[in-house]
Amino acid sequence: MPIETWLIFILSFMIIGSIVALEIKDILSAVIAVGVVGLGVSLSFIFLQAPDLAIVQFLFEIFALIIMVRAFVKKDYHQEEPSKVNKILIGITIITLLAILYFTASILNLLPEFGEPLMNTAQYYLNNGASDTGAANLVTSIILDYRAYDTLGEVTVLFTAILGALTVLRIKSKSHR
Amino acid sequence: MILYLLCFTLMLVGLYGILTKRDLIKIILSASIMGYATNLLLILFAYRNGSIFPILRKGVEIIPMVDPLPQALVLTSIVIELGTTALLVALALKLFQKYKTYDITKIRKLSG
């Protein structure tokens with residue numbers, strides 16, 4: 001079977017999974033449905049020839065699931081509270097999103113077809129990456145050599161986010177004093 | 001083309017969740033769905049027909065490889081997403097401790 005067919009199948013599965021995750025009342029089921037969507041992303045990375053990304057996405061999925069379940073699912077775990085939802089507002093939102101989809105279709109037409117990327121810069125990396133950096137894995141050579149400043153910025157953002165999470169969790173709120 | 005459209009639809013589903021849901025946990029889940037869709041779209045741009053992953057091996061002649069640049073950028077993006085999700089979860093937990101609810105329409109007072 002061609003790769004497009006597999007990817008269309010996985011993507012439809014992911015769309016159904018995310019709609020289920022958003023509409024279901026039970027929070028544990030919603031978290032697990034989003035986990036299924038993430039594993040679908042990991043699977044499509046394998047189909048798209050990106051093994052490093054598949055591994056990282058898999059790990060991310062496990063960690064996110066552990067964090068969410070640990071944080072939100074207690075013994076008497078929380079269900080989405082029933083609330084009066086404005087039907088008109090939801091209708092307007094869906095119509096607007098469909099309009100966005102319609103106008104984006106013409107923009108996506110301008111892009112190169114699936115399977116034929118531009119490869120202007122990347123061809124240089126593919127040809128000279130091994131001799132320039134000495135890394136057999138070209139993704140590693142880009143992350144740690146050609147675009148090392150990007151990685152430095154990424155580590156800074158990650159550090160700041162974790163620092164923010166720790167700081168927020170350590171502050172005692174007034175009701176607990 | 002159809003793949004790009006499906007992937008964009010996945011992102012719009014996440015946007016719909018952020019715009020219409022009132023539960024904080026649902027909003028966090030929608031944000032992570034949008035992140036998945038964006039990463040997947042970038043990797044879809046990178047695929048080249050009939051090519052293999054960009055890892056050089058000894059004794060194998062040069063064959064076409066997929067674009068390694070989006071893969072490197074998405075690798076950093078996934079890791080950042082984990083940090084962002086952790087920060088959002090911490091904020092939601094703190095709000096729950098104060099207000100005893102995850103419903104954003106009931107969270108009104110702004111004093112810490």
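## A tour of chains A and B

Start by selecting helix H4 of chain A, which is hardly covered: of its 24 residues, the count that are buried is 0. Here, buried stands for 20 or more other C-beta atoms within 10 Å of a residue's own, the C-beta atoms being placed from the backbone. Helices are DSSP runs (H or I, at least four residues), numbered from the N terminus.

Before moving on, note that this is a predicted model, in which local features need pLDDT of at least 70, side-chain atom pairs count only at pLDDT 80 or more, and totals for chains, interfaces and linings use all residues. Residues are numbered from 1 along each chain as its sequence is written, and chains are lettered from A and ligands numbered from 1 in the order in which they are written.

Stay with H4(A), residues 87-110, and check its length: at 1.5 Å a residue it should span 34 Å, and its end C-alpha atoms are 36 Å apart, which agrees. The expected span is 1.5 Å times one less than the number of residues. Now click on Thr104(A), where H4(A) bends by about 25°; the bend is the angle between axes fitted to the seven residues ending there and the seven starting there.

Next, select H2 (residues 27-47) and H3 of chain A, which pack at an angle of about 175° with their axes 8 Å apart. Axes are lines fitted to C-alpha atoms over the stretch in contact, and angles run from 0 to 180 degrees between N-to-C directions. The pair is therefore roughly antiparallel, a term for angles over 145 degrees. Residues that meet here include Val31(A) and Phe45(A) from H2(A), and Phe58(A) and Leu65(A) from H3(A).

In the loop between these two helices sits Gln49(A). Its phi is positive, about 60°, although Gln49(A) is not a glycine. Most residues other than glycine have a negative phi. Gln49(A) counts as buried because it has 22 C-beta neighbours inside 10 Å.

Then pick H6(A), residues 138-146, whose buried residues include Leu138(A), Ile142(A) and Tyr146(A). What covers the buried residues of H6(A)? Among the covering elements are H3, H5 and H7 of chain A, together with H3 of chain B.

That brings you to the other chain. Show both: 72 residues of chain B are in contact with 80 residues of chain A, contact being C-beta atoms, placed from the backbone, within 7 Å. On chain B's side, H3(B) gives the largest share, 24 residues.

Conventions
Contact = placed C-beta atoms within 7 Å. Buried ≥ 20, exposed ≤ 12 C-beta atoms within 10 Å, placed from the backbone. Parallel < 35°, antiparallel > 145°, perpendicular 65-115°, else oblique.
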